[in-house]
Amino acid sequence: MDPREHSILEEQRIYARWLAAGILIGFSSLVASFFIYLFGLMPPGIPPETLPRYWSLPVHEYVALTGAPTGWSWLRRLGESDLLNFAGVAVLGTTTLVCYLRLVPVLAKARARILLFICLAEIVVLAVAASGVAFSTH
Amino acid sequence: MIASAATFPWWAWPLLLFATAFLLGIVAVIGGIGGGVLFVPIVGGLFPFHLDFVRGAGLLLALCGSLAAAPAMLRGGLASLRLAMPLALAGSVTAILGAYLGLALPTRVVQGALGISVLLIALLMWKTRHAAPEATPAIDRWAAALGLRGSYHDPALGHDVAWAARRVPAGLAAFAGIGLVGGLFGLGAGWANVPALNLLMGVPLKLAVGTSGLSISIINTSAAWVYLNEGALLPILHVPSILGVMVGARVGVRLLKRMHADTARRIVIAILVVAGARALSQGLGY
């Protein structure tokens, strides 16, 4: 072990380990799915050659014209290569939430009550953001 | 704008984005800021993509950059999770509000406000370029209660550096404001987090840089969910941009050793002034 790591708190080491694993999975999925989309290895929801017609529109018009998914509805359309890319984004977005969930027992065991409260509050905030139920503009 | 969407075939745009993001990645590293703050005004002003998608890509770009660096920073003790947690909580809540607000407001309003914000960021960078924190910060009771103190090993100095945070309520307020701006405009927030941690809260600069990145990884996660849920992500825009900035950042790290930091910072400030003025003029309809 690196001799200076003795001063690094246990929760920080655990968080770093889980974060590194999540990033590896999320980033690999993000890049791999993009090349699947780019090279047409799977059928896309919106073919890339038609995208220039829509990409200068505000998102609400883009969604209305293309039928692009909102919320978690992309999950039902993972067979479309452009939406497969959203899985990589979702893994990256979920990584921090999972890391915080992993911190709960560590902080509880350390009796770090204030940090535990902050940790639980962040879990709620991230879960609300991920759920998309807050104030959808569609 | 470089050209309208019809000027080039569709496959040229990811290549142009990669090249632009690559250059921005170099400039961002040597200027000591995140790529997101340059990406949104420049790509929003020069490329045909709507600002909604550019902001979504900017958030993801800042998120990926900060996530990639965070594990090593945490393991090396150059970022403090305990310090980041309360600040990121304040920033996460307001980043979500900012993201929804940005998608609900008229584009012109967001563009004009983005221009003003980028010009203010340039001003902040100019004003704080030689600023230094007070030498002996006194820990406040909030910092004591949250355990916001510790030490890290600085390889450049060859010894451990003790630190303690102060002015925690002001720091929370600053991060709440920064989170709102970041979510609203899709900007990374290193340009503001680092001065807030270093100058306001008395955290040593190296720890401030690492903790800022960790905070961005948490704050931008919450805002990125909003853009994903609202359908405001285009893989053809965000993936080449993320890859370009990441490759550019690696080149930038090599160039950094040969370039004077103040010169690099002046270049970034000049780019921000031009990009901010362009966004403001677009917002005003010129």
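Start with a loop in chain B of this predicted model: Arg167(B) sits between strand S2 (159-164) and helix H7 (168-185) of chain B. Though not a glycine, Arg167(B) has a positive phi of about 50°. Is Arg167(B) buried, or partly exposed? Its 19 C-beta neighbours inside 10 Å make Arg167(B) count as partly exposed.

Chain A has an arginine to set beside that one. Arg111(A) is in the loop between helix H3 (81-109) and H4 of chain A. Phi is positive here too, near 55°, in a residue other than glycine. Arg111(A) is exposed, and has 8 other C-beta atoms within 10 Å.

Now for how the two chains meet. Chain B brings 53 residues to the contact and chain A brings 55. On the side of chain B that touches chain A, the elements giving two or more residues are helices H3 (51-75), H4 (81-104), H6 (141-146), H9 (205-229) and H10 (235-256), plus strand S1 (149-154). Which of them gives the most? That's H4(B), with 12 residues. By class, this side of chain B splits into 37 nonpolar, 12 polar and 4 charged residues.

H4(B) also has a helix partner in the other chain. Helix H4 of chain A (residues 113-131) packs against H4(B) at an angle of about 30°, and the axes are 10 Å apart. Angles under 35 degrees count as roughly parallel, so that's what H4(A) and H4(B) are to each other. Their crossing is left-handed. On the H4(A) side the contact includes Leu115(A), Ile118(A) and Val125(A), while H4(B) supplies residues including Met85(B), Leu89(B) and Ile96(B). Glu122(A) and Arg82(B) are also among the residues making this contact.

There's a helix pair within chain B to look at as well. The axes of H3(B) and H9(B) come within 7 Å and cross at roughly 140°. This crossing is left-handed. Among the residues in contact are Gly56(B), Leu63(B) and Ala70(B) from H3(B), and Gly213(B), Ser217(B) and Tyr227(B) from H9(B).

Here's how the residues of each helix contact divide by class:

| Helix pair | Nonpolar | Polar | Charged |
|---|---|---|---|
| H3(B) with H9(B) | 14 residues | 7 residues | no residues |

So where do H3(B) and H9(B) turn up again? Both of these helices are among the elements on the side of chain B that touches chain A.

Notes: Residues numbered from 1 in each chain as written. Chains lettered and ligands numbered in written order. Predicted model: local features only at pLDDT ≥ 70, side-chain atom pairs only at ≥ 80, totals over all residues. Contact = placed C-beta atoms within 7 Å. Helix = DSSP H or I, 4+ residues; strand = E, 2+ residues; numbered from the N terminus. Nonpolar A, V, L, I, M, F, W, Y, C, P; charged D, E, K, R; others polar. Axes fitted to C-alpha atoms, helices over the stretch in contact; angles between N-to-C directions. Parallel < 35°, antiparallel > 145°, perpendicular 65-115°, else oblique. Left-handed = near helix turned anticlockwise from the far one by under 90°. Buried ≥ 20, exposed ≤ 12 C-beta atoms within 10 Å, placed from the backbone.
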